[in-house]
Amino acid sequence: AAAGALSLEALFTLLNLLGVSGALESAVQGLIIIAAVAYASLGGGLRQRLRSRPQQRDTVQPAPS
């Protein structure tokens, strides 16, 4: 979270130095937040699906008696 906050602050400082308007800065901030939430949402679901997949084993099952 701290790295994300520092990255956003550095980006906004750069946009300010380039003379970008405040409205565009807000739009960029909103897009970054939406993208981060979407990535976290999709990433969390993917991790959970991968964990719930059964492990395949290479062992031979004994024949039933």
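Here are a few questions and answers on a predicted model.

Q: How many helices and strands are there in the chain?
A: Let's start with the secondary structure. Strands come to 0 here, and the helices number 2.

Q: What distance separates the end C-alpha atoms of helix α1, and what span should its residues give?
A: Helix α1 covers residues 2–17, which is 16 residues.

Q: Which residue just after α1 takes a positive phi?
A: Look just past the end of α1 for this one. The phi there is about 85 degrees, and the residue is G19.

Q: Is E25 buried or exposed?
A: E25 sits in helix α2, which runs over residues 22–52. Its relative accessibility is 18%, and the cut-off for burial is under 20%. So E25 counts as buried.

Q: Which residues is E25 in contact with, leaving aside neighbours within four places in sequence?
A: Buried residues make up 6% of the 65 residues in the chain, and E25 counts as one that is buried. Setting those sequence neighbours aside, the contacts of E25 are F12, L15, N16 and V20.

Q: What is the separation between the C-alpha atoms of T13 and E25?
A: T13 belongs to helix α1, while E25 belongs to helix α2. Along the chain they are 12 residues apart, and their C-alpha atoms are separated by 9.9 Å.

Q: Which backbone oxygen does the side chain of T13 reach?
A: T13 is partly exposed, at 41% relative accessible area. Its side chain comes to 2.8 Å from a backbone oxygen, that of E9.

Methods. Residues are numbered from 1 along each chain as its sequence is written. This is a predicted model: local features need pLDDT of at least 70, side-chain atom pairs count only at pLDDT 80 or more; totals for chains, interfaces and linings use all residues. Side-chain values use heavy atoms; hydrogens and water are left out. Helices (H or I, at least four residues) and strands (E, at least two) are DSSP runs, numbered from the N terminus. The expected span of a helix is 1.5 Å times one less than its number of residues. Buried means under 20% relative accessible area, exposed over 50%, partly exposed in between (1.4 Å probe, protein chains only). Contact means heavy atoms within 4.5 Å. A polar contact is a pair of N or O atoms within 3.5 Å; within protein, one must be able to donate a hydrogen and the other to accept it, and residues adjacent in sequence count only if both atoms are side-chain atoms.
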